[in-house]
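The sequence and structure are shown first.

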Amino acid sequence: MHELSVTQSILDIVLQHAKERKIQQVNLVIGQFSSIVDDSVQFYWDIIAKETLAAEAKLHFERIPGEMTCSNCGHVFHPGSEDFLCPSCESSAVRVSGGREFQVDSIDVE
Amino acid sequence: MCDGHNHTHSHTTTRVPVVENILSANDRIAQRNHSLLHQKNVYGVNIMASPGAGKTSVLLKTLEALKGRLRIGVIEGDPAGSIDTDRALAAGMPAVQVNTGGECHLDAVMMEDALSQLPLDDLDLVVVENVGNLICPANFRLGTHLNLVIASIPEGDDKPYKYPGMYMGMQALIINKIDLLPYVPFDMEYFQQGVEVLNPGIATFPLSCQTGEGLDAWTDWLVEQAHAEIIPE
């Protein structure tokens, strides 16, 4: 249930950047490897953003899948949760190359 | 893609770029905690694990082994942790119990408050027992030098694949309960392969708090790390 703290952090950032304008949408970018943030964030948002300029804001999640790159053959792939082997050459010499995002990307204001 | 303005709404909508890490406020306080530890010449360790992995056992064995080598303070964040802060205090070891208010993790603010209650001038090492949980604590940096994850044999060999975030954010890994290897299906090679992908070259310590096997390697390494970081020649 870390979603409540996460929601509070998002709200603080958003209000700071909105500069007294009404917020319509918050655009979040969440990588698969960064954190589990589910739809309960919107639920918490509707509670804690009440009586702020962000009260009616919708949260938009852009989900970035986890990405790995094979050091052996250069293949780029999205790993499953069973193994991290390269699907092209079956090498285990792979490295994380994407999916760490965890940010407020932008806000839409009136 | 949006070019900065969205013309389809009846009201004028402006897209304001933010590009800020969601937990940047926590990270800033964590950085402050780190600076304080550095200034006070104290090495900080944050222990994270799932419930039952043996955080408390490892902590107790570690404290025992370091007695007389480093002056240690304890921050107890796990409501289920069994380090009795009164008992630790009675043994001359400063300890602080953090009330997480039902949260699934410690955060940098709780850490800052706990640090303010410890006599940092008289310590070399602060060990934090985080809340038992493999998801949340990874995101909330505390400002310690070392983030330690404790895995254990009975949990299964698939944990790095199921909780990549936790395994990517650590600087050391203990694999606890290796005395159970003959009795539990656990493919060490499969486990370590996942770890190596997520965290290449990570310092790994297979050990057993039950038999004591592997404990010296861990505690010697920890003392070495602490000395390298904090104690001036």
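Which residue of S2(B) does Val104(A) stand opposite? Val104(A) stands opposite Glu20(B). The model is predicted, so local features are reported only at pLDDT of at least 70 and side-chain atom pairs only at pLDDT 80 or more, while totals for chains, interfaces and linings use all residues. Residues are numbered from 1 along each chain as its sequence is written, and chains are lettered from A and ligands numbered from 1 in the order in which they are written.

**The contact between the chains**

Strand S6 of chain A (residues 102-109) pairs with S2(B) in the antiparallel sense, over 6 bridges. Helices (H or I, at least four residues) and strands (E, at least two) are DSSP runs numbered from the N terminus, and two strands pair if DSSP finds at least two bridges between them. In general, strands of a sheet pair through backbone hydrogen bonds, either parallel or antiparallel.

The contact as a whole takes 32 residues from chain A and 32 residues from chain B. Here two residues are in contact if their C-beta atoms, placed from the backbone, lie within 7 Å. On the side of chain B that touches chain A, at least two residues each come from strand S2 (13-21), helix H1 (24-39), helix H5 (159-162), helix H6 (164-168) and helix H7 (188-198). S2(B) gives the most to this side, with 9 residues. By type, the residues of this side of chain B are 15 nonpolar, 12 polar and 5 charged. In this division Ala, Val, Leu, Ile, Met, Phe, Trp, Tyr, Cys and Pro count as nonpolar, Asp, Glu, Lys and Arg as charged, and the others, Gly among them, as polar.

H7(B) has the buried residues Phe191(B), Gly194(B), Val195(B), Val197(B) and Leu198(B). A residue is buried if 20 or more other C-beta atoms lie within 10 Å of its own, exposed if 12 or fewer, and partly exposed in between, with C-beta atoms placed from the backbone.

Chain B has 8 helices and 9 strands. Of its 233 residues, 45% count as buried. Among its contacts between residues at least 6 apart in sequence, 76% join residues at least 24 apart.

In chain B, 7 strands form an open sheet with parallel pairing, in the order S5-S4-S6-S3-S7-S8-S9. Its edge strands, S5 (95-97) and S9 (203-206) of chain B, each pair on one side only. The table lists pairings in this sheet.

| Strand pair | Sense | Bridges |
|---|---|---|
| S4(B) and S6(B) | parallel | 5 bridges |
| S7(B) and S8(B) | parallel | 5 bridges |
| S8(B) and S9(B) | parallel | 4 bridges |

Across these pairings, Gly73(B) stands opposite Val126(B) in S6(B). Ile150(B) stands opposite Ile174(B) in S8(B), and Ile175(B) stands opposite Pro206(B) in S9(B).

S8(B) is largely enclosed by the rest of the structure, because 5 of its 5 residues are buried. Ala172(B), Ile174(B) and Asn176(B) cover one face, and Leu173(B) and Ile175(B) the other.

**The nonpolar core**

A nonpolar core is a set of buried Ala, Val, Leu, Ile, Met, Phe, Trp, Tyr and Cys residues joined through C-beta atoms within 7 Å. The largest one has 90 residues, of which Val14(A), Leu125(B) and Val149(B) touch the most other members. Helix H1 of chain A (residues 3-18) gives the most to this core, with 6 residues. Leaving aside residues up to four places away in sequence, Val14(A) touches Ile23(A), Val26(A), Ala54(A), Val104(A) and Ile107(A).

**Two residues with positive phi**

Glu20(A) has a phi near 70 degrees, a positive value in a residue other than glycine. Glu20(A) lies in the loop between H1 and strand S1 (23-31) of chain A, and counts as exposed because it has 7 C-beta neighbours inside 10 Å. Val19(B), also not a glycine, has a positive phi of about 45 degrees. Val19(B) is found in strand S2 of chain B and is exposed, with 10 other C-beta atoms within 10 Å.
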